[in-house]
Amino acid sequence: MFPSLYGKSILIEHIETLKVIVCLFCVEKYMSREKKEKKAEISATSYLLERIRELQLQVENLKSELENIERVPSVKIGIAFLIPGVAALIFSVVKESQILAFIGLGLTFWGALFLFVRPVRYVKSKLLHSASLSSYLTIDRIIKDLKFKGKSYYIPPYPEDVYLPEHLKGLKEMVVFISANKHPDMPSIEEIAKSRFLLKNPNGICIPPPGLGLLIQFERTLGRDLSKVDLETVLEVLPQLVTEGIPLAKQLEIEKEDGIIHLRILNSIYKKMYNLEGPKSVHILGCPIVSAIACAIAKSTGKVVTIKEDKISPDEQLIEVWYSLVAGD
Amino acid sequence: MKFPLSMSDISLWLAVMAIILLITSELLSATTEYSGKIMIEKRRLRLAALALGIGFMITVIMRVFQQF
């Protein structure tokens, strides 16, 4: 039996409606998949942010632990000298004995000196290297996840004593901007002042530099804010600070040639970071020493500093870094 | 009961101690590999040595003025 002409047109109409429904179903499925992907992306970013916060907390805890260890005084020898010294002095006054007075004076003095010049506790350099590794691996993940292919730009902060309104307080923080592409514009003052992690225009991320802690230590040792010291003095003082003040490397040389600053570090405690199995972000941000020096240059010149190139010798003893100053404040 | 050391005794003691500490701090602050391994607060040691040296100078000045 053949269907009538009327019935045929109804059938065609039904088929068309079915086609539309199938199409709509497909679109909805596609949309829901896209939504799911977006959700996953957001959750990955929030997970990474959470991880950064956790790591920062861990670093703070480790710092306070280290401070506590440093505070434990080696008082035993000092007290062992001090008590008989004071006793001898008292007896010397009672007996009016010159010999006892000399003995007492000597013992008291050396006891006090042992308390005053107590040994400083040091940690193994391997521990420092492994403690900073996790932060670099996290940054590696972020860069990989966000598909960034740019460079790092160390943005100088405003000096501490300069007055800034509440909404611009973020400008007093030293930050490093990792751009999404190789030739980006610099983020605006408003963007930096908001202390945001993800920046949209220009595309990139803003994070505290890995060498910020070292920079603070440099400033404490020097007793000066580096934003008030000229570049020549900073370049003169830094090698001594890194090799003697806080012994982080065997030798350090810095030269300035036509706006390019060339750094050579021999036998750095962070040299293992630069090997092939090490984090990739170390070539973008530099190891903590390289990062701290970039921060110091940025603070001193008031200009944005970028790591142009880095090189490590095959025996991993010598690290060479070329910084360039980006024009404008 | 009185303190058995005179000004000249204390002055001599301060001078000897200051010399010992100044020589020690100078030897330690030299950047040799051996001195780098001695982990004490070298700045404080130098400060103590300088304080003793200044103490000795004060006793000398006091003795000079005692004559007038």
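Trainee: Which residue is the bridge partner of Ile261(A) in β8(A)?

Mentor: Tyr323(A) is the bridge partner of Ile261(A). Strands here are DSSP E runs of at least two residues, helices are H or I runs of at least four, and both are numbered from the N terminus. Before we go on, this is a predicted model: local features need pLDDT of at least 70, side-chain atom pairs count only at pLDDT 80 or more, and totals for chains, interfaces and linings use all residues. Residues are numbered from 1 along each chain as its sequence is written, while chains are lettered from A and ligands numbered from 1 in the order in which they are written.

Trainee: OK. How many bridges join β6(A) to β8(A)?

Mentor: Seven, and the two strands run antiparallel. β5 (residues 251-257) of chain A is also antiparallel to β6(A), again through seven bridges; strands count as paired if DSSP finds at least two bridges between them. One bridge there links Glu255(A) with His262(A).

Trainee: What sits between β5(A) and β6(A)?

Mentor: Two residues, in a hairpin turn where Asp258(A) has a positive phi of about 45°.

Trainee: And which side chains of β6(A) are buried?

Mentor: Ile261(A), Leu263(A) and Ile265(A), which point to one face. Buried means 20 or more other C-beta atoms within 10 Å of the residue's own, exposed means 12 or fewer, and partly exposed is in between, with C-beta atoms placed from the backbone.

Trainee: Switching to cores: how many residues has the largest nonpolar one?

Mentor: It has 53, and those with the most contacts inside it include Ile289(A), Ile293(A) and Ala296(A). Helix α9 (residues 288-301) of chain A gives the largest share, nine residues. A core here is a set of buried Ala, Val, Leu, Ile, Met, Phe, Trp, Tyr and Cys residues joined through C-beta atoms within 7 Å.

Trainee: What is Ala296(A) in contact with, leaving aside neighbours within four places in sequence?

Mentor: Leu215(A), Phe218(A), Leu226(A), Val234(A) and Leu238(A). Contact means backbone-placed C-beta atoms within 7 Å. There's also a second, separate core of 18 residues, and that one includes Phe81(A) and Ala88(A) along with Ala18(B) and Leu21(B).

Trainee: So, the two chains: how many residues of each are in contact?

Mentor: 18 of chain A with 14 of chain B. On the chain A side, α3(A) gives the largest share, seven residues.

Trainee: What's chain B made of?

Mentor: Three helices and zero strands. Buried residues make up 16% of its 68 residues.

Trainee: Which residues are buried in α3(B)?

Mentor: Leu45(B), Ala48(B), Ala49(B), Leu52(B) and Phe56(B). Their cover includes α3 (98-116) of chain A together with α1 (7-29) of chain B.

Trainee: Last one: where does α4(A) bend?

Mentor: At Leu133(A), by about 25°, taken as the angle between axes fitted to the seven residues ending there and the seven starting there. Lys147(A) follows α4(A) and has a positive phi, near 55°.
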